[in-house]
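Me: I am new to this structure and would like to learn how to read a few of its features. Could you take me through them slowly?

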Amino acid sequence: GFEIADNQYPRPIDRVWITFNYFDGVNSGINRALQAPINGMQVYSEIFGIEKTFWDKQASIGFRIPVNTLTIGSPVPGFNGSSTSTGNFSSFFKYAFYADEKGNLLSGGIDMTFPTGPKSFAGFPSLLGINAFELQPFLGYIFMRDNYFVQGFTSVAVPMDRRLATMWYGDIAL
């Protein structure tokens with residue numbers, strides 16, 4: 001699933017975006033500790049998104065979909081190689097219920113993540129996973145003061161599969 005703060009802004013806005021993240025040495029510490037026959041894991045993740053405002057730019061609806069690639073180096077056949085797949089599709093609704101002329105804002109909404117991707121990350125054939133529908137209600141805020149601002153989100157991600165943990169997120173930027 002997505003954390004609502006991933007490439008988000010508390011204010012409803014019109015935008016189209018692409019995000020790219022690269023991670024090298026994923027799980028290297030635990031792989032060494034367990035003496036797993038893995039000599040390298042790399043993750044490439046792109047997220048494609050769109051958000052459109054309505055109700056005089058007081059609300060918006062948006063959609064996100066990731067494309068993930070996982071590369072594993074291992075001498076064990078079937079546990080090495082590379083795999084790419086789209087992840088779970090996400091849709092969100094955002095509403096600014098307070099905004100003032102200084103730029104301060106309080107917003108809220110819900111993100112829904114649908115199990116449209118494979119059960120394993122990037123569709124890697126030798127990994128196991130659980131893919132479930134997830135609801136994530138959230139609150140967003142922007143507090144302005146002179147040339148400074150604080151913005152962030154707080155949310156609770158609730159998977160519809162009891163084998164998965166409910167997560168609370170708190171994100172802040174200055």
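This is a predicted model: local features need pLDDT of at least 70, side-chain atom pairs count only at pLDDT 80 or more; totals for chains, interfaces and linings use all residues.

Me: Is R15 buried or exposed?

Reply: Buried means under 20% relative accessible area, exposed over 50%, and partly exposed in between (1.4 Å probe, protein chains only). R15 counts as buried because its relative accessibility is 16%.

Me: Which residues does R15 touch, not counting those up to four places away in sequence?

Reply: Contact means heavy atoms within 4.5 Å, and on that basis R15 touches N7, Q8, Y9, I50 and E51. Although R15 and I50 are 35 residues apart along the chain, their C-alpha atoms are separated by 5.8 Å.

Me: With which side chains does the side chain of R15 make a polar contact?

Reply: A polar contact is a pair of N or O atoms within 3.5 Å; within protein, one must be able to donate a hydrogen and the other to accept it, and residues adjacent in sequence count only if both atoms are side-chain atoms. The side chain of R15 is joined in this way to that of Q8 at 3.1 Å, and to that of E51 at 2.8 Å.

Me: Where is L106 placed, and why does it count as partly exposed?

Reply: Strands (E, at least two residues) are DSSP runs, numbered from the N terminus. L106 lies in strand β6, residues 105-114, and it counts as partly exposed because its relative accessibility is 31%.

Note on methods. Residues are numbered from 1 along each chain as its sequence is written. Side-chain values use heavy atoms; hydrogens and water are left out. Helices (H or I, at least four residues) and strands (E, at least two) are DSSP runs, numbered from the N terminus.
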